[in-house]
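This report concerns one protein model. Please look at the sequence and the structure before reading on.

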Amino acid sequence: MTGPRKIFVKTFGCQMNVYDSERMTELLGADGFAETATMEEADVILLNTCHIREKAAEKVYSDLGRIRLVKDARRSAGKETIVTVAGCVAQAEGAEMLRRAPVVDLVVGPQSYHRLGDLVARARSEGRRIVETGFPEEDKFAALPRRAPVKAVTAFLTVQEGCDKFCTFCVVPYTRGAEFSRPVADVEGEARRLADHGVREVTLLGQNVNAYHGLGPDGRSWSLAQLIARLAAIGGIERIRYTTSHPRDMGEDLIAAHGDQPKLMPYLHLPFQAGADRILAAMNRKHTASDYLRLVARIRAARPDIALSTDIIVGFPGETEADFAATLEVVEHVGFAQAYSFKYSPRPGTPGATMADQVPDGVQVDRLHRLQELLDCQQAAFNSACVGEVIPVLFEREGRHRGQLVGRSPYLQPVHATADSALLGRVVEVAIAGAGPNSLSGVLSLGG
Ligand code: 5AD
Ligand code: SF4
């Protein structure tokens, strides 16, 4: 049987990996590969991996164990399979990956994936195992093919990559490399194509997205706020979001944009990581707890209804019970609509991994539970406060029940409502009638 060759993709980790996976699928699509959801029929199996915490990296190796069986079975049937590991585990492990996992044919880092087509072709024709984890000089984004039409209502758009902050717990500066911003014209071109194909909401992505400083059409470096203003002028784009931000890079113009720019959604993911100043200093965060609280007050002054989200780490080396109490205090003070919290996980090669006073797992687990209890309460309170309100919802997809659509509120909550599928891609007023821990439900508002 001959048909198009197939690629199976599994994505771990952050939204930037979701974006990269889409682009890699497109890249191989241009070489005639069709995407499949069935690993057993794939000529190329691609894992796009995450190295941020130990568990994320371990999952890759356990998946590779299963993939070995698939590759063996295919080989017995006379079919060849190129097993590719991309993303941050690929970058961090490099050639070590080939030693640890003999099933792997190709290891490709996040800054080299625009060469994926050639690399796959070489792995096949030369029958060689290849590692490509350099930080090449050429602009990866410029080397990628034009973005293929998408059918979705919302899309991610990477505008910035890498990080120069070097928080002592984090692998990103090592795996993603130095900070890089795409030129405004490139981002605008990509956003226009997305809008032409029906995308109504873009989420601008970057590890440190608010440090964006891309080349503007006037030859100067533009801020994220300027980029957002430019994208807001694209007719089809109705909503703009961005993630992830660092408190140090929350510029005056970006804060003001939350008050002035109606297309910029009232939601901000702003990690603070820890509440005790000595832990923040050990983390090399370059801000104190009170800096963070003052910043939140300024953002709320610009946009009082903004929903705040954050990342928090418990059990960083040296964290005492009093330090942890300071983290709870910041959470109490801010009131988050949503949050991600993690046990500190030592990452090889980062300064944190060799610091004294690593916190035992039992203590970390206990603190994480207490923190998550508080965060869950805050999220439930935020959702409940929406009941009785009429909220504009952008419908994104069909729901699980017939006749139901699912969309997002401006505050990023999923909202379920009975609605005609003709409303997909439209912003519709919904009267919120119910709130769960993670979502809202409502009915279309008459006259809305
Ligand atoms: N251990 C635990 N959490 C981490 N994060 C990053 N590195 C680590 C680590 N070594 C968390 C931070 C970051 C989020 C993406 O992941 O909170 O903001
Ligand atoms: Fe990692 Fe974010 Fe710190 Fe950069 S700012 S080192 S990506 S946690």
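## Overall form

The model is predicted. The protein contains 14 helices and 21 strands. Along its principal axes, the C-alpha trace spans about 60 × 60 × 50 Å.

The radius of gyration of the protein is 23 Å; because a compact globule of 448 residues would have a value near 22 Å, the two agree. Contacts between residues at least 6 apart in sequence may also be considered: 72% of these join residues at least 24 apart.

## Burial, surface and charge

Of the 448 residues in the protein, 53% are buried. The accessible surface comes to about 19400 Å², and carbon and sulfur atoms account for 52% of that surface.

The protein carries 52 positive and 55 negative side chains. The centres of these two sets lie 4 Å apart.

## The residue D105

D105 lies in the loop between α4 (95-100) and β5 (106-108). Its relative accessibility is 13%, so D105 counts as buried, since the cut-off for a buried residue is under 20%.

The side chain of D105 reaches the backbone nitrogen of V83 at a distance of 2.7 Å. V83 is also one of the residues in contact with D105 when neighbours within four places in sequence are left aside. Under that condition, D105 also contacts K71, T81 and I82, together with R128, R129 and I130.

Note on methods
Residues are numbered from 1 along each chain as its sequence is written. Chains are lettered from A and ligands numbered from 1 in the order in which they are written. This is a predicted model: local features need pLDDT of at least 70, side-chain atom pairs count only at pLDDT 80 or more; totals for chains, interfaces and linings use all residues. Side-chain values use heavy atoms; hydrogens and water are left out. Helices (H or I, at least four residues) and strands (E, at least two) are DSSP runs, numbered from the N terminus. The radius of gyration is taken over C-alpha atoms; the globule rule is 2.2 Å times the number of residues to the power 0.38. Buried means under 20% relative accessible area, exposed over 50%, partly exposed in between (1.4 Å probe, protein chains only). Contact means heavy atoms within 4.5 Å. Accessible areas come from the Shrake-Rupley method with a 1.4 Å probe; for residues, only the protein chains shown count as cover. Lys and Arg count as positive and Asp and Glu as negative; His and the chain ends are not counted. The place of a charge is taken as NZ of Lys, CZ of Arg, CG of Asp or CD of Glu. A polar contact is a pair of N or O atoms within 3.5 Å; within protein, one must be able to donate a hydrogen and the other to accept it, and residues adjacent in sequence count only if both atoms are side-chain atoms.
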